[in-house]
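Here is a walk through one structure, taken a region at a time. Please keep the sequence and the model in view while reading.

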Amino acid sequence: MSKNICVVGTGYVGLIASVGLADLGNHVIGVDKDEEKIKLLKSAKSPIYEPGVEEYLERNLNSGRLNFTTDIDMAIQESEVIYIAVGTPEGSDGSPNMSYVDNVVTSIAGNLNNYKVIVTKSTVPVGTNRGIEKQLKGMCPEKEFDVVSNPEFLREGSSVQDFFHPDRTVIGCTTERAKKEMFEVYRALNIISVPFIWCSLETAELIKYASNAFLATKITFINQMANLAEGVDADIHKIAQAMGLDGRISSKFLHPGPGYGGSCFPKDTKAVVDTGDKCGIDMSLIREVIAANELQKERIVDRMEKRMGSLESKTVTILGLAFKQRTDDIRESPSIAIVKSLLQKGAIVNAHDPKAMKNFRKLFPGINYFNDSNEACTKADAVIIATEWNEYRNIDPDRLKSEMKGEVLFDARNLLDPEIFISRGFAYLGIGR
Ligand code: NAD
C-alpha cells in the first residue's frame, strides 16, 4: 500500500528522494524553508542541475502524488513517514553541523499527531538516530513513533538512476513495525531485487561513513601512486588498468586527479576522524588521507609554477569548476583551491564550466567567466582542465594552440592523449604520466 510521506529538505538528496518516492507510488510532500526553491519546484523546475530530474518532477506533479511546501508543520501532520534530508555540513571543528537536523527534530516533536516513522537520510554521526529517539521520547512521552536510519548513497550526476537502481539499500531500525513500514515504502525496489541490509541504527550510520571513507582512501591511494609514477617515469593509466583487472581491487575509483571534492567525501572523512577521537580510536589512516588530499590539490599550481616560473600577471584558464562532471555542485571542488591559489599568486583567471558558473560566481565574482570554452582559452598563458566534462575530452589541439598565447596545458583529469598534444607543441602536464 502506498504511504503518505514528507521529505524535509529538497536539496540534492531530498529532491531525488521526493520524486523517486512519488514515482514508486507514494504520496509525497517535499518541504524546504527556501521559498524560491519551493516556487521553482511547484512549477516543475529543478533548482539544481541533475540529469533527468525535471522529467520525473513534471510527471509526478501532474499525477497529483507529489507536492511541495514551506509549511513543515502541515507536511509532518499529514504524513506517516518523515524523511530528514537536510544538510549536515562541516562545522568549525571538523564535526558535522547538526543544527539543521536538530531544527527538523524539534518540528517533528511539535507535530506528532499519530504514529510516524522518522527516517534519517542525511549523513549523521553514529549515535544521532539513537539520540533523536531519546529526545523525542523525552519531549513527547505519550506519542508513538519509530526512528530509522536510511543513509543515502546516490551520486550527483546520476542520482535519478541511482535512486531506482541502488547497489544496496541500508535500513537501520529497532522495531518490526518500522521494518514493515519501510518495506512498504520501498516495495517496488524489493520487487526488482535490490539488496536490502537490515541492521541496527549505529551500524547503518557507520556503513555510510565507512563507504565514503573507503572511496576517499581509494582515490587518494591512486593519486599518490600517480605522483610516484611521475617521479619514476611510469604510466599510471597502465598501472590502474592492470590493478583494476584484479577482481579484489576493481577498476572503479582508480582515476587519478586533482584530489577528491564534493559535499560528502571531505566532510565525511573529517567526521570519521572526529568520531574516532570522541571514542578514543585513532583513525590514523583517514587522517593521512585528508592531509594527502589537501596536498594533491596544492600540487596543481605548484607544478605549474615550476614549469612556468612566476604566475604574476599570467592568464590562466580553468576549464571545469564543478567538483565532477554532470553536476552544478561546486562544494569543496578542487577548482576552488586551484583558483584561490592562482589569485594569491597574482594570476588573471579565466573560467568555463557547462553548468557550474552560476554557483562559482558567488564565491569568485571577480574572475572572468566565458560561456564558450574556446573563448575562455583565447590568449591564455596556460590552461588547466579541472573537471572531467565530456566536452573537454574533444578539445581540438590545433585550434587550442592557435588561440592560446602560451603552451602549458595541465590536464588534471588525464582526459587527453599526451602524445598528440606534445606533438602540437604543448607543454603537457598530466597526473602520473
Ligand atoms: P543540500 O544543502 O543540497 O540540501 C539541504 C536542503 O535542506 C536545502 O534546500 C535547505 O534549504 C533545506 N533545509 C535546511 N533546513 C531545513 C528545515 N529546517 N526545513 C526545511 N528545509 C530545510 O544538501 P544535500 O547535498 O542534499 O545533502 C543532504 C544530506 O544528505 C547531507 O547530510 C549529505 O551529507 C547527505 N548526502 C548527500 C549526498 C550528495 O551527493 N549531495 C549523497 C549522500 C548523502
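This is a predicted model: local features need pLDDT of at least 70, side-chain atom pairs count only at pLDDT 80 or more; totals for chains, interfaces and linings use all residues.

Ser-250 sits in the loop that links helix 11 (236-244) to helix 12 (265-278). Its phi is positive, about 70 degrees, although Ser-250 is not a glycine. For most residues other than glycine, phi is negative. The loop between helix 11 and helix 12 also holds Phe-253, whose phi is near 65 degrees, again a positive value in a residue other than glycine. Phe-253 counts as partly exposed, at 30% relative accessibility.

A positive phi is also found just after helix 2, where Ala-44 has a value of about 65 degrees. Helix 2 covers residues 35-42, and Asp-34 caps its N-terminal end. The cap is made by a side-chain oxygen of Asp-34, which lies 3.1 Å from the backbone nitrogen of Glu-36.

An open sheet is formed by 6 strands, in the order 11-10-9-12-13-14, and the pairing is parallel. The edges are strand 11 (368-369) and strand 14 (427-429); each has a single partner strand, so one side of each is left without a neighbour in the sheet.

Strand 9 (residues 315-319) and strand 12 (residues 382-385) run parallel and are joined by 4 bridges. Along this pairing, Thr-317 has Val-383 of strand 12 as its bridge partner, and Leu-319 stands opposite Ile-385 in strand 12. Strand 12 also pairs with strand 13, in the parallel sense and over 4 bridges. There, the bridge partner of Ile-385 is Asp-411 in strand 13.

Which way do the residues of strand 12 point? Ala-382 and Ile-384 point one way, Val-383 and Ile-385 point the other way, and all are buried. In a regular strand, side chains alternate between the two faces of the sheet.

Helix 13 (residues 284-308) lies across strand 9, strand 12, strand 13 (408-411) and strand 14. The direction of helix 13 is at about 160 degrees to strand 13. Helix 14 (residues 334-344) packs on the sheet as well, where it touches strand 9, strand 10 (348-352) and strand 12. Helix 14 makes an angle of about 175 degrees with the direction of strand 9.

Asp-381 lies in the loop between helix 16 (373-377) and strand 12. Why does Asp-381 count as buried? Its relative accessibility is 12%, and buried means under 20%, so Asp-381 falls in that class. Leaving aside neighbours within four places in sequence, Asp-381 is in contact with several residues, among them Met-308, Lys-314, Thr-315 and Val-408.

Another part of the model contains strand 7 (residues 169-172), in which Thr-169 is found. Thr-169 counts as buried, at 6% relative accessibility. Beyond its neighbours within four places in sequence, the contacts of Thr-169 include Asn-150, Tyr-186, Leu-189 and Phe-196.

The last topic is the aromatic rings. A pair of aromatic rings is described by the distance of the centres and the angle of the planes. The count comes to 8 aromatic pairs. In one of them, the rings of Phe-163 and Phe-164 have centres 5.1 Å apart and planes at 80 degrees, so this pair is edge-to-face. Phe-163 is buried, at 7% relative accessibility, and Phe-164 is buried, at 13%. The rings of Phe-196 and Trp-198 have centres 5.8 Å apart and planes at 25 degrees, so that pair is stacked. Phe-196 is buried, with a relative accessible area of 15%, whereas Trp-198 counts as partly exposed, at 28% relative accessibility.

Phe-163 and Phe-164 form one aromatic cluster together with Tyr-56. Arg-59 lies over the face of Tyr-56, at 4.7 Å from the ring centre.

Technical notes: Residues are numbered from 1 along each chain as its sequence is written. Side-chain values use heavy atoms; hydrogens and water are left out. Rings of Phe, Tyr and Trp (its six-membered ring) pair if their centres lie within 6.5 Å; planes under 30 degrees apart count as stacked, over 60 as edge-to-face and the rest as tilted. Buried means under 20% relative accessible area, exposed over 50%, partly exposed in between (1.4 Å probe, protein chains only). A charge sits over a ring if NZ of Lys or CZ of Arg is within 6 Å of the ring centre and within 35 degrees of the ring normal. A polar contact is a pair of N or O atoms within 3.5 Å; within protein, one must be able to donate a hydrogen and the other to accept it, and residues adjacent in sequence count only if both atoms are side-chain atoms. Helices (H or I, at least four residues) and strands (E, at least two) are DSSP runs, numbered from the N terminus. Two strands pair if DSSP finds at least two bridges between them. Contact means heavy atoms within 4.5 Å. Axes are lines fitted to C-alpha atoms, for helices over the stretch in contact, and angles run from 0 to 180 degrees between N-to-C directions.
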